[in-house]
Amino acid sequence: MLAMNFRGPRQIRLDRNKPEPEIKHPYDAIVRVTRSLICGSDLHLYHGRVPDTRVGMTFGHEFTGVVEAVGSGVQKLNVGDHVLVPFNVACGSCPHCKQELYGNCNESNPQATAVGGFFGYAHTGGGYDGGQAEYVRVPYADVSPTKIPEGMDLENAVLLTDVVPTGYQAAEQGGIQKGDTVVVFGAGPVGLMAARFAWFFGAARVIVIDHVDYRLEFARKFAFAEAYNYRDMKDPVLFVKKATDYFGADVCIDAVGCDASGSLLQDITGKGLLLQAGSATALHWAINSVKKGGIVSIIGVYGPPWNLAPIGSLMNKGITIRANQASVKRLLPKLIDHIMSGRINPKEMITHRIPLEDVSDAYRMFSSKLDHIIKPLLIPPRAHAA
Amino acid sequence: MQNELENTIAEFQDRIIADRNLDTRTKDIPGWGMDADPENDPTYPMKHWNGADHERLNYEKAPQQPIDMEVLHSVERPGITRVFGNSTPPSGLSGAVRRYAYQFSEATATHWMTLILADRINVIEGKLSDLTHGILPNPWIERGWRAEWKHNRPAFISKAATTALLITAGLLLLKKKNKRK
Ligand SMILES: NC(=O)c1ccc[n+]([C@@H]2O[C@H](COP(=O)([O-])OP(=O)(O)OC[C@H]3O[C@@H](n4cnc5c(N)ncnc54)[C@H](O)[C@@H]3O)[C@@H](O)[C@H]2O)c1
Ligand SMILES: [Zn+2]
Ligand SMILES: [Zn+2]
């Protein structure tokens, strides 16, 4: 089958003869991919920032597909079902899954206890080949995969596997109260969704900060946000302080993660010398921009073992940090409703529809932010079969 | 390493000790439980607390996926998870380095830095294996240069030119040095 194949940092190949996946466990299903997306999280892999990313792996954790085969223990899914597959591999029966922390399952990732199981996300994410391919092995098929509701656009369905719930949880973690001023760092797909959802929790002002002008422009339209370029600021923290009457924002959301730019010191120590896991610039700004007693929601991904962050301010200001991998399954019913009722139409942020064959170009375009790209969608040649 | 406290500890005792304390000790501790407040739960609504954490690892588990390949596992867990990804098992020199890394906990830089080292070795192994299979490097496609050429030509050209210039300058410098010797 066709599959994306990782050859090293910034080197992606299209494999033409990768063996098709097989059922390995009674709860497995095999899915023929109909749509898959490239995520900002994939860029951390692409840039070589996630330890135990092995050459030959197939990435991709945001995909929809048609069930082609099921293991002997699968009860709810049937061959022929068209499903959206949440990015978390979750067993459904460990204490974390039972408490709806599906992003923190204890039975899906042998390699790292700090990390849940994720499709196509290095061995630090469990060692699963992912959905930027024609077929995928989907474990625990009865737990997370969800039949695409009748009448839902396929592009909205595939965005429900990660970006939409992740953006929602970013806002939810902020504990936003009616009247709050919310600052979102990062105008990528996740930050855009977080900004959009901040209004759902009653925010009175939503401010998005990034350095890519076309994304800021999009944030104004898509997320009804005020949007500013930090390259136009000498000090983004001072900007937020002044913009909030010298009080600080009520809630700050870090939707950037370890590939942040904006600080030479962070870049040298994190991307050059590898003394920390990438750069924690946005987190640094978030902690310093939030009010005393405020909440910082971290949805951006950071790698092990550590990052430079101002813990002293955290304590002195009495800040609460809330952070997690999104728990997609928990949020699906609510978000399906938001889409079906027309309150949100996330597919507006899909700017590029690219054949799977051109996956190498797609990665480079997304990484270098070429051609005003916001969210690239990959379409496998066999998407329309049968 | 054998006598370190973590290697001599009796495993799976946490709940036994906790239950014993709840039965006997806590009633003698002045103020025990007085200020317990189930609402004081900063994880809500992300976590629907139901006490399952106190089951520890005694929950209902799926059957074990047959372990038909080498699976490295974190020393912070007792064994392999019931289900695991079957992509790219460890192999070659990078595999040996990974095996070493997995002897250390996820709290150590040794674990993660060694894995990053293994990843870089693995890239070289990948190139060698490509060559033995007659696959030549194709940066134009694989590094996305084609995409840069299409959408970002001026910047791409000037970057390529600068790189070429730097390499030529470096080579010339090396030549000079060698001559002097
Ligand atoms: N927690 C989860 O479950 C989860 C799920 C999906 C994605 N993520 C993470 O969310 C983050 C964003 O994902 P995305 O798909 O939107 O990625 P993206 O790369 O498209 O977006 C990141 C944006 O941040 C901007 N940026 C860089 N440095 C900045 C800074 N210092 N301040 C403000 N903006 C800055 C970039 O220009 C870019 O537009 C990534 O770290 C990704 O791994 C987390
Ligand atoms: Zn993602
Ligand atoms: Zn679980």
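The structure is a predicted model. One zinc ion (ligand 2) is held by four protein residues of chain A, namely Cys39(A), His61(A), Glu62(A) and Asp162(A), while the donors of the zinc ion (ligand 3) are Cys91(A), Cys94(A), Cys97(A) and Cys105(A).

**The zinc ion (ligand 2)**

- The donor atoms are SG of Cys39(A), NE2 of His61(A), OE of Glu62(A) and OD of Asp162(A), and they lie 1.8 to 2.3 Å from the metal.
- The arrangement counts as irregular because the 4 donor atoms subtend angles of 90 to 135° at the zinc ion (ligand 2).
- Cys39(A) sits in the loop between β3 (29-37) and α1 (40-46) of chain A, and His61(A) sits in the loop between α1 and β4 (63-70) of chain A, so the pair ties together parts that are 22 residues apart in sequence.
- Along the chain, the donor residues of this ion follow the spacing C-x21-H-E-x99-D.
- Both Cys39(A) and His61(A) are buried.

**The zinc ion (ligand 3)**

- The site is tetrahedral, with angles of 100 to 118° among its 4 donor atoms.
- For four tetrahedral donors, the ideal angle at a metal is 109.5 degrees.
- In sequence, the donors of the zinc ion (ligand 3) are spaced C-x2-C-x2-C-x7-C.

**Cavities**

- The whole structure contains 4 cavities of 30 Å³ or more.
- The largest cavity has a volume of about 130 Å³.
- Its lining has 13 residues, and those nearest the centre of the largest cavity are Arg49(A), Leu274(A), Gln276(A), Ala277(A) and Ile116(B).
- Helix α4 (residues 109-132) of chain B contributes the most to this lining, with 3 residues.
- By class, the lining of the largest cavity has 8 nonpolar, 4 polar and 1 charged residues.
- The second largest cavity has a volume of about 50 Å³.
- Residues lining the second largest cavity include Val85(A), Pro86(A), Phe119(A), Tyr140(A) and Ser144(A).
- This second lining divides into 9 nonpolar, 2 polar and no charged residues.

**The second largest pocket**

- The second largest pocket holds about 1,100 Å³ of space.
- Of the 30 residues in its lining, Glu11(B), Val75(B), Glu76(B), Arg77(B) and Pro78(B) lie nearest the centre of the pocket.
- At least two lining residues each come from α2 (95-98) of chain A and from α1 (5-8) and α2 (14-25) of chain B.
- The largest share of the pocket lining, 3 residues, is supplied by α2(B).
- The lining residues of this pocket are 12 nonpolar, 9 polar and 9 charged.

**A mostly covered helix**

- In helix α9 (residues 281-289) of chain A, 8 of the 9 residues are buried.
- Among the buried residues of α9(A) are Thr281(A), Leu283(A), Trp285(A) and Ile287(A).

**Spans annotated in UniProt**

- An unreviewed UniProt entry places a "transmembrane region" at residues 156-174 of chain B.
- In the model, residues 156-174 of chain B are 100% helix and 0% strand, and the end C-alpha atoms are 27 Å apart.
- UniProt, again in an unreviewed entry, lists "domain: Alcohol dehydrogenase-like C-terminal" at residues 189-269 of chain A.
- Residues 189-269 of chain A are 42% helix and 20% strand, with the end C-alpha atoms 27 Å apart.

Note on methods:
Residues are numbered from 1 along each chain as its sequence is written. Chains are lettered from A and ligands numbered from 1 in the order in which they are written. This is a predicted model: local features need pLDDT of at least 70, side-chain atom pairs count only at pLDDT 80 or more; totals for chains, interfaces and linings use all residues. Side-chain values use heavy atoms; hydrogens and water are left out. Donors are N, O and S atoms within 2.8 Å of the metal (3.2 Å for Na, K and Ca); water is not among the atoms, so sites may look incomplete. Four donors count as tetrahedral if all angles lie between 85 and 135 degrees; four count as square planar and six as octahedral if opposite donors are over 155 degrees apart and all others between 65 and 115; anything else is irregular. Helices (H or I, at least four residues) and strands (E, at least two) are DSSP runs, numbered from the N terminus. Buried means under 20% relative accessible area, exposed over 50%, partly exposed in between (1.4 Å probe, protein chains only). On a 1 Å grid over the protein atoms alone, a cavity is a set of points where a 1.4 Å probe fits but cannot get out, and a pocket is an open set with protein on both sides within 12 Å along at least five of seven lines; lining residues have an atom within 4 Å of a point. Grid points are joined across faces, edges and corners, and a volume is the space filled by probe spheres set on the points. Ala, Val, Leu, Ile, Met, Phe, Trp, Tyr, Cys and Pro count as nonpolar, Asp, Glu, Lys and Arg as charged, and the others, Gly among them, as polar. UniProt positions are given in the numbering used here, feature names are shortened, and annotations may be inferred rather than shown by experiment.
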